[in-house]
Amino acid sequence: MSDQSELASPPFDSVSSVRFSPTNPSHLLVSSWDTTVRFYDVATNEQKSKYDHRAAVLACCFSDASHAFSGGWTPLLDLSTEKINHLGQHSDAISSINYSRDYNTLVSGSWDRTVRLWDPRASNPQTHSQELPERVYNMDLVNHILVVAMASRLFHIYDLRKMDAVAQTRESSLKFMTRALACMPDGQGEFPILSYDPQQVDERRRNSSFLLGYASGSVEGRIAVEYFDTSPQVQEKKYAFKCHRQAIDDVDHVWPVNALAFHPVYNTFASAGSDGTVSIWDHKSKKRLRQYPKYPAAVPSIAFNCDGTKLAVGVSYTWEEGEEGAKTAERPAVFVKNVGEEVKVRRRCALLSVGRHGANLASLPIQPKGWTAPS
């Protein structure tokens, strides 16, 4: 059995976002610049429905098994009846949307420099509008924490329960424009730390598995890993590294990091770039676990499914080479990859050796075949 399949009936223009259902590991949404959102069952390789919009759709997400949202005038998509209900709109393009199942809230971010909250059940769905200093490029959620990446390398971090005030304002650790953002999944059920309270968090700080945060990627082929906890000892742990680069004829070529996605079980993450590659990283050991074979074009979006067994990979031209590059660009495609041991954290084993001078205990990393260190 092949470890990867290509979906039938892909979009006609560049893929903007791929998102899996939060409950069904086979249901996938794909939004595109061809003004559509497509709903697939990847288990049967079937396009179940298609939703046409008036303009390019830059974002999409599920709310539950039978409802979804798209970034074209904030419509609610009923996946069972194929009906579209419009919730409202921004005054400019909607660049990112996320749904909080805990708070039954849709969050939309736009180039109109606002983040807006919506309750799809209400007669007047918009519940809040937050003015921002810059255009929204990316957003992500973990529990009640919303991270907003904006133009000018700005980041705002909000508590969804207190959207009238910014919990944290940050500048990106990367020197160039933010292209990708993903929050670490919270498998322990703990809330991220947004302020320093020694009595509450010292125990959690001693256990690094409770350090929660996010990864961001830039157009200059770098990824930064940062943490919500603002204490000096935790902020010392943040770091950045180079990726999606290649030396060709002794010349370094650098490609944007277009997308990031954390594995829902193992907390490793995948990165995708305009070089057409997808890599798996262990952010705690700071190592690359695997780089998959190169795709035929840039990869603008990736997503793990809810049980972490599949990775959706959107492949299409991303306009780094302008109109000239579009003339020879490969057609858009969406691949669904079955993932395996490569997404797991590599544990270390203890080896006890006994010699003339006594016993020695060594810690040996268990690495997969073909393992490579970060570039």
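Is E320 buried, partly exposed or exposed? E320 is partly exposed, because its relative accessible area is 38%. Here buried means under 20% relative accessible area, exposed means over 50%, and partly exposed is in between (1.4 Å probe, protein chains only).

This is a predicted model, in which local features need pLDDT of at least 70, side-chain atom pairs count only at pLDDT 80 or more, and totals for chains, interfaces and linings use all residues. Residues are numbered from 1 along each chain as its sequence is written, and side-chain values use heavy atoms, with hydrogens and water left out.

Start with the charged pairs. Side chains of opposite charge can pair when their charged atoms come close. The term salt bridge is used for a side-chain nitrogen of Lys or Arg within 4 Å of a carboxyl oxygen of Asp or Glu. The whole structure contains 16 salt bridges. E320 and R179 form one of them, at 3.7 Å from N to O. E320 sits in the loop between β29 and α3, while R179 belongs to strand β18 (residues 178–183), so this pair ties together parts that are 141 residues apart in sequence. Helices (H or I, at least four residues) and strands (E, at least two) are DSSP runs, numbered from the N terminus. R179 is partly exposed, with 27% relative accessibility.

E134 and R113 make another salt bridge, with their closest N and O atoms 3.9 Å apart. E134 lies in the loop between β13 (126–131) and β14 (136–142), and R113 in the loop between β11 (105–110) and β12 (114–118), so the bridge ties together parts that are 21 residues apart in sequence. E134 is buried at 13% relative accessible area. R113 is partly exposed at 36%. Elsewhere, the side chains of E220 and R222 meet in a salt bridge at 2.9 Å, N to O. R222 is partly exposed, with a relative accessible area of 25%.

Why does S316 count as buried? Its relative accessibility is 1%. A polar atom of the S316 side chain lies 3.0 Å from the backbone nitrogen of V15. A polar contact is a pair of N or O atoms within 3.5 Å; within protein, one must be able to donate a hydrogen and the other to accept it, and residues adjacent in sequence count only if both atoms are side-chain atoms. Leaving aside neighbours within four places in sequence, S316 is in contact (heavy atoms within 4.5 Å) with S14, V15, A297, A298, P300 and P332.

A298 takes us to another loop, between β27 (287–291) and β28 (301–304). A298 is buried, with a relative accessible area of 9%. Not counting residues up to four places away in sequence, A298 touches N258, G273, S274, G276, G314, V315, S316 and T318. A298 and W319 are 21 residues apart in sequence, and their C-alpha atoms are 9.3 Å apart in space.

Rings of Phe, Tyr and Trp (its six-membered ring) pair if their centres lie within 6.5 Å; planes under 30 degrees apart count as stacked, over 60 as edge-to-face and the rest as tilted. By this rule there are 9 aromatic pairs. Y317 and W319 form a tilted one, 5.1 Å centre to centre with 55° between the planes. Y317 is buried at 14% relative accessible area, whereas W319 is partly exposed at 47%. F155, Y214 and F228 form one aromatic cluster.

Next come three strands. Two strands pair if DSSP finds at least two bridges between them. Strands β6 (residues 60–64) and β7 (residues 67–70) run antiparallel and are joined by 4 bridges. They form a hairpin with 2 residues between them. F62 stands opposite A68 in β7. A68 also has L77 as its bridge partner in β8. β7 and β8 (residues 75–78) pair in the antiparallel sense over 3 bridges. Their hairpin has 4 residues between the strands, and W73 there takes a positive phi near 60°.

Last, the cysteines. A disulfide is a pair of cysteine sulfur atoms within 2.5 Å, and the structure holds 0 of them. The sulfur of C61 is 7.3 Å from the closest cysteine sulfur, in C60, which is too far for a bond. C61 is buried at 2% relative accessible area. C306 is partly exposed at 29% relative accessibility.
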